[in-house]
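Biologist: Hey, I'm new to this one. Can you put it up and walk me through it?

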Amino acid sequence: VTEKSAIFIIFGGSGDLAHRKLYPSLFRLYKSGILKDHFAVIGTARRPWSDDYFRETVITSLEDYFEDDKKIMEEFAKHFFYQSHDVNDSEHYIALKNLAAKLDDQFETGHNRVYYMAIAPRFFGTVAEHINSEGLKTDGYNRLVIEKPFGRDLDSACELNGNISKAFPEDDIYRIDHYLGKEMIQDIPHIRANNPVFEKALNNQYVSNVQVTLAESLGVEDRGGYYETAGVLRDMVQNHIMQIIGAVASDDPKATDAKIIHKDKTNLFNSLKVLTAEQVDTDFVRGQYDTDKLGDQKAYRQEDNVAEDSEIETFTAGRIEFESDRWSGVPFYVRSGKRMPAKSSRIDIVFNEKVADLGIKANTVVTLLIEPEDGNSILINGINYKESGQDFIKFPEEEEFDSAREAYESLIIDILSGNRVHFTLWDELRSTWKYIDSIRERWDSQTPDFPNYLSGTMGPDAAEMLLERDGNSWAWD
Ligand code: NAD
C-alpha cells in the first residue's frame, strides 16, 4: 500500500453526500493505509461550526457504518477541519487558502489539493472560478471533483463546462459517475479482454439485443425537490446507463490508456442514432408510480415537495441504437425506475442463433450483475457462469470479483492517483445530452397520462410491448 498525500477541500462538507459517502470512504482508505499521516480534510459549508463539532458529526456518521473502536475514528477525525464558507464571498476563499497552507505544513501534504464539489450543482461554476481567481491553486496537483448532475440538458451542461474549464484544464477535472466506481463495471473490460470467444461474439453478427436495467424498489424518499427538476431520463439514463453501455459496447477493451478509452467511448456515443419526434413516441416509454396494489404506499404525486400534477417520470424504458459497423441493427433496451419490485442493476446480453458457430449455445443470455453485489456476478442463462456448463467466460481465480471496495472508495483512490479512466469526459457528455434532449423535447411537448404504473410492478405495460414488437422480451421480468 502506498500512502497518498493531499488536502481535500470539501465544498458542502456538512451535507448528505459528504456524510453518507465521502467520509466513510475516506475512513476505509485510512484503515487500509492509503491515507495515513499526510492528509487533511477541510469541510466547508455555510453554518458556523467548530472543528470539534465537525469532527463529532463525522464520527457520528461513521458509527452508522463501522463497528471499529471509537479511538481509530477519533484519530482519523483529527485530520478534519472546518471552515464556514459562503460560495460567493471572496474573503472566504482567502481564509480557505490560508488554512490549507497551514495544514500543508502541519501534515506535509506535498501541496496537493482535491477540491470536491459536494454542493448544489448551481454552485459548481462559481466555486471553480473562485478557486482559480483567489489563487488557491498550488504547485502540487489541483484536482477538481464534480458530482452529478452535470447540467440538465445540453445547453446548461455546455454552460457549466464553460465555467469550470475557464478555471481548470480538462485533465484536472474529475466528473463523478459513481457507477464507474462499481466493481462489475470496472471488471467488464477485463472480462472482455480475457475471454476471446465472448469478445468475438460481442457485435451485431451474434448479439440479438442488449438490455440494461437499473431498478430501484424505493420511491423518491426525501429527494422530491431535486427529483422534480430531474426525472429518471436525466437522473439515470444520460449518465449511468450510457456509461454502462460504454463499458459493454466500446471497441477496444484491451486499452489501458485513459485517452484511448475515452476516445473509444466518445466514438460510440457519437454513433448514437438520434431519435425523431415520431421515433420518441414509439421507442421510449415513460411512467410515474402510483400507490401499490393495496393502496398502502404514496403515489409520486403525493410525495413531499412534489407537485400534485407533476409530469416528472419515475420510470422509463427505451430502445437505443448505434450506427456503427459493430452495433448497427442491435437494439439496446434500457430501463430504469423507482418503486420496481426489487433493487437490481444488471446487463443482459442476449445472443442470437448464429453464436452457435462460435461454440456458444444458441440464444444464450449472459447477465452481468452490477447490484446486488454477491458471488454470482456473472450468470449464463440464469446460472452462475462457473456452473453453467459453458466455458466461454472464465476468470482467473485471483481476479475473482471483489466487491469489498465501495464505488466512492475506488474513485477517490483514482483521484489521488491521477487516473481519469473511471470518470466522464466532456465529449462523452455532449453526445449523450444531445441524444437525451431529443427525447426530453418531445416529452415536454405532450401531456403524459400519469400515474400509469402501480408501485411494486415492472412499470407500464408499454415497457413490455416495446420488446414484444421486436419479438424480444426482458430477461429480468
Ligand atoms: P445537501 O443539501 O445535503 O448538502 C449541501 C451542502 O452545501 C451543505 O453542506 C450546505 O451547507 C452547503 N451549502 C449550501 N448552500 C451553500 C452556500 N451558499 N455556500 C456554501 N455552502 C453551501 O446536498 P447533498 O445531497 O449532499 O448533495 C451535494 C451534491 O452532491 C449535489 O450536487 C448533489 O446533486 C450531488 N449528489 C448527491 C447524492 C446524494 O446521495 N446525496 C448523490 C449523487 C450526487
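Predicted model: local features only at pLDDT ≥ 70, side-chain atom pairs only at ≥ 80, totals over all residues.

Biologist: Okay, at what angle do α1 and α13 pack?

Modeller: About 65°, with the axes 8 Å apart. Here α1 covers residues 16-31, and α13 covers residues 407-417.

Biologist: What does that angle make them, roughly parallel or roughly perpendicular?

Modeller: Roughly perpendicular, because angles from 65 to 115 degrees fall in that class.

Biologist: Now the ligand. How many residues surround it?

Modeller: There are 21 residues around the ligand, and the closest are Ser14, Asp16, Arg20, Ile119 and Lys148. By class, that shell has nine nonpolar, seven charged and five polar residues.

Biologist: Which helix gives the most to the shell?

Modeller: That's α1 again, which supplies three residues.

Biologist: What does the side chain of Ser14 do there?

Modeller: One of its polar atoms sits 2.6 Å from an oxygen atom of the ligand. Arg46 also has a polar side-chain atom by the ligand, 3.3 Å from a nitrogen atom. With Lys148 the backbone takes part: a polar backbone atom there is 2.8 Å from a ligand oxygen.

Biologist: And how much of the ligand does the protein bury?

Modeller: The protein buries 81% of the 830 Å² that the ligand exposes when taken alone.

Biologist: What about phi at Arg339, positive or negative?

Modeller: Positive, at about 55°, even though Arg339 is not a glycine. You'll find Arg339 in the loop between β11 (332-337) and β12 (344-351). As a rule, most residues other than glycine have a negative phi.

Biologist: You mentioned α6. How do α5 and α6 pack?

Modeller: Helix α5 (residues 124-133) and helix α6 (residues 154-167) pack at about 15°, and their axes are 8 Å apart. That makes α5 roughly parallel to α6, because the angle is under 35 degrees. As for handedness, α5 passes α6 in a left-handed crossing.

Biologist: And α14, how does that one cross α11?

Modeller: At roughly 15°, with the axes coming within 9 Å of each other. Helix α11 spans residues 258-270, while α14 spans residues 426-444. So α11 is roughly parallel to α14. The crossing of α11 past α14 is left-handed.

Biologist: Why do you give me an angle and a distance each time?

Modeller: Because those are what describe two packed helices: the angle between their axes and the distance between the axes.

Key
Residues numbered from 1 in each chain as written. Heavy atoms only, no water. Near = heavy atom within 4 Å. Polar contact = N/O pair within 3.5 Å; in protein donor to acceptor, adjacent residues only side chain to side chain. Areas by Shrake-Rupley, 256 points an atom, 1.4 Å probe, with all protein chains shown as cover. Helix = DSSP H or I, 4+ residues; strand = E, 2+ residues; numbered from the N terminus. Nonpolar A, V, L, I, M, F, W, Y, C, P; charged D, E, K, R; others polar. Axes fitted to C-alpha atoms, helices over the stretch in contact; angles between N-to-C directions. Parallel < 35°, antiparallel > 145°, perpendicular 65-115°, else oblique. Left-handed = near helix turned anticlockwise from the far one by under 90°.
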